Amino acid sequence: MDTSVIVMIVTLSMPDGAESVSVKPMETAATCREQAAIEASDPFVASVLCSELRDGKLELNFARSIKRKIPEAVVERSTG
């Protein structure tokens with residue numbers, strides 16, 4: 001019998017720079033979506049993702065919605 005495991009992955013980003021990821025098992029995909037909507041309302045939640053564990057593998061797709069430019073360092077004098 002092939003059973004699937006649904007998990008909700010929550011990434012927290014705190015104002016002091018601390019970050020953490022938690023994985024919570026869910027009963028169904030619908031329950032996961034409902035709980036993800038609640039979690040997403042928290043201002044410290046950076047992202048929420050529902051995924052399914054298949055054949056012992058958890059495959060995730062992290063797509064950035066906002067393209068961030070890497071800041072360049074400002075150097076007052078050149079080292080040559």
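Visitor: Before anything else, what do buried, exposed and partly exposed mean here?
Guide: Buried means under 20% relative accessible area, exposed means over 50%, and partly exposed is in between. The model is a predicted one.

Visitor: Where does that put C50, then?
Guide: C50 has 31% relative accessibility, so C50 counts as partly exposed.

Visitor: And C32, buried or exposed?
Guide: C32 is buried, because its relative accessible area is 0%.

Visitor: How many disulfides does the structure hold?
Guide: One. C32 and C50 form a disulfide, with 2.1 Å between their sulfur atoms. The pair links distant parts of the chain, 18 residues apart: C32 sits in helix α1 and C50 in strand β3, residues 45-54.

Visitor: Left-handed or right-handed?
Guide: Left-handed, because the torsion about the S-S bond of C32 and C50 is about -100°.

Visitor: Switching to the core. Which residues make up the largest nonpolar one?
Guide: There are seven: I6, M8, V10, M26, C32, A36 and V45.

Visitor: What is A36 in contact with, leaving aside neighbours within four places in sequence?
Guide: A36 is in contact with M8, V48 and C50.

Visitor: What about I9, buried or exposed?
Guide: I9 is in strand β1. I9 counts as buried because its relative accessibility is 5%.

Visitor: How far apart are I9 and C50 in space?
Guide: Their C-alpha atoms are 6.2 Å apart, while in sequence I9 and C50 are 41 residues apart.

Terms used
Residues numbered from 1 in each chain as written. Predicted model: local features only at pLDDT ≥ 70, side-chain atom pairs only at ≥ 80, totals over all residues. Heavy atoms only, no water. Core = buried A, V, L, I, M, F, W, Y, C linked by side-chain atoms within 4.5 Å. Buried < 20%, exposed > 50% of the residue type's maximum accessible area, 1.4 Å probe, protein only. Contact = heavy atoms within 4.5 Å. Helix = DSSP H or I, 4+ residues; strand = E, 2+ residues; numbered from the N terminus. Disulfide = S-S within 2.5 Å.
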